[in-house]
Amino acid sequence: MNRKDARILAMQYIFQMEAQKDLKTSALDAFLAEHEAGAQRKYIETTVGNVALHLDEIDKALAAHSIGWSTGRMAKADLAVLRLACAEILYDETIPKSVSINEAVELAKTYGDEKSPAFVNAVLKNIG
């Protein structure tokens, strides 16, 4: 599995956390047991863990930079992508901000609607 596929899995788990209103990593082991994460398992665990651990700070940053959009109003797929990228930008110094933004925009093209990529880019460019 490459990093792009790992980001997809991490985003899917973050989406699942929001959908089930269980914003913890307690089911992550079971989720990863269903997927072959391989060498990317550490990245997924760290990134999802950072989202869970720093959710309030991440959501405050997202709300501050998405004028007129609280996290409660955002499409759930967009919110999952934004939380993932924001966790990378704020808490993972090994990933350049530009890479996090680019990968988030690509995820938004796949999982969001036609306006999602521009929205994700606009929010993330001002974070960090």
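Buried residues are those under 20% relative accessible area, exposed ones are over 50%, and partly exposed ones lie in between (1.4 Å probe, protein chains only). The model is predicted: local features need pLDDT of at least 70, side-chain atom pairs count only at pLDDT 80 or more, and totals for chains, interfaces and linings use all residues. Residues are numbered from 1 along each chain as its sequence is written, and side-chain values use heavy atoms, with hydrogens and water left out.

View 1. Gln 40 lies in the loop between helix 2 (28-33) and helix 3 (41-53); helices are DSSP runs (H or I, at least four residues), numbered from the N terminus. Its relative accessibility is 13%, so Gln 40 counts as buried. Beyond neighbours within four places in sequence, Gln 40 is in contact (heavy atoms within 4.5 Å) with Met 1, Asn 2, Arg 3 and Ala 6.

**View 2. The largest nonpolar core.** A nonpolar core is a set of buried Ala, Val, Leu, Ile, Met, Phe, Trp, Tyr and Cys residues joined through side-chain atoms within 4.5 Å. The largest one has 40 residues, and Ile 44, Val 48 and Leu 62 are among those with the most contacts inside it. Helix 5 gives the largest share of this core, nine residues.

**View 3. Helix 5 against helix 7.** The axes (lines fitted to C-alpha atoms over the stretch in contact, with angles from 0 to 180 degrees between N-to-C directions) of helix 5 and helix 7 come within 11 Å and cross at roughly 30°. Residues making the contact include Val 81 and Leu 82 of helix 5 and Val 120 of helix 7.

Key:
Helix = DSSP H or I, 4+ residues; strand = E, 2+ residues; numbered from the N terminus.
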